[in-house]
Amino acid sequence: MSTLILNLDFGDCPPPKKATEGNHKHQRFIQRQRRLQRNFKQKQMQVPARPSGSGHSKLQNKGGALSTNNKQKLHPLLQPIGETPSQKNGIEKPLSRKVSTVSWLTPAPSRKTSSVSVASKVDLLSEFQSGLRPLPPARTLPPASEKSCNKKMVALDCEMVGTGPKGHTSSLARCSIVSYNGDVLYDEYIRPPCKIVDYRTKWSGIKKEHMVNATPFKAARKEILKILLGKIVVGHAIHNDFKALHYFHPKPLTRDTSRIPILNSRAGFPENESISLKRLTKQLLHQDIQVGKSGHSSVEDAKATMDLYKLVEVEWEQQLARSPPSQE
């Protein structure tokens, strides 16, 4: 019997080669994957530009959700480029119908606004208001009471001549009325009803020729009282002027600068003394009035009286408001 000698090599044998193509199911999966990738690239090249606001409304239904057809059309756009819709990490998964959120397709936010949204609205409001034309500054007007009081305030001064026995009776020969601002409202020579005995030119400035075309006393008095009616009348020793007019003005509407302690105190005179208009004007207004040989000017004296009143108007009116004068 012949001997059978086998030449066998018991070294390391290489492992058998695996089939690279795999089974039939795996091949279909690879083909499907490649086909989807190829279709995705083609669709990506054919995608139109992002639609405007009108297109956005077409993509939404009445309820604000996308239709099924639109979801399928937009689905490739919402997936990452490196992966197919059906594969992730080499494992096949069913397609998900859940559509990712897109900024321009998101529904309107709920009515509950957060603090951030409120702050943004405030910022937008401030930015809008900053662009508006600024309103003109408000005009500051004087109080109505003060403005009306100035319109109803006048200064009165009269010049007298002597009538009656030995000219001892003072009769009206000139009357001047100025406004709060110094405008002359009335200035006329007045002829007394009685015969003039003493013109008192040295003080009154009245001369005989002034009486030629002078206004009769009754007519002048009527015009003067019409101006004084309802007004605050300022004067210096004004009771003498009212006496010459045969008239008595209400005390609450009368301001006599010869009886204001505030004026005397500011000028450095005793409060209870009656200081002349000339001295007060010189001391407080630094003006010289009633000078010369032509006599006094009732217009000049009335303006000086009003200026003296203005110096202490606020303090005097406050004092009168605290303790108003009697009606007598």
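Entry 1: Helices (H or I, at least four residues) and strands (E, at least two) are DSSP runs, numbered from the N terminus.

I noted that the model is predicted: local features need pLDDT of at least 70 and side-chain atom pairs count only at pLDDT 80 or more, while totals for chains, interfaces and linings use all residues. Residues are numbered from 1 along each chain as its sequence is written, and side-chain values use heavy atoms, with hydrogens and water left out.

I then listed the contacts (heavy atoms within 4.5 Å) of Met-306. Not counting residues up to four places away in sequence, Met-306 touches Met-153, Val-154, Ala-155, Ser-179, Tyr-180 and Val-234.

**Entry 2: Val-178.** Val-178 lies in strand 4 (residues 169-179). Is Val-178 buried or exposed? Val-178 has a relative accessible area of 0%, so I recorded it as buried; the cut-offs are under 20% for buried, over 50% for exposed and partly exposed in between (1.4 Å probe, protein chains only). Leaving aside neighbours within four places in sequence, its contacts are Val-154, Ala-155, Asp-183, Val-184, Leu-185, Ala-302 and Lys-303. Ala-155 is 23 residues apart from Val-178 along the chain, yet their C-alpha atoms are separated by 5.3 Å.

**Entry 3: Thr-257.** I placed Thr-257 in the loop between strand 9 (254-256) and helix 9. Its relative accessible area is 0%, so Thr-257 is buried. Beyond four places in sequence, Thr-257 is in contact with Val-234, Gly-235, His-236, Leu-263, Leu-280, Thr-305 and Tyr-309.

**Entry 4: helix 1.** In helix 1 (residues 24-45), I found Phe-29, Gln-33 and Phe-40 buried. They are on the same side of helix 1 because they cover an arc of only 40 degrees around the axis, taken from the directions from the helix axis to the C-beta atoms. His-24, Arg-28, Gln-31, Arg-34 and Met-45 are exposed on the other side.
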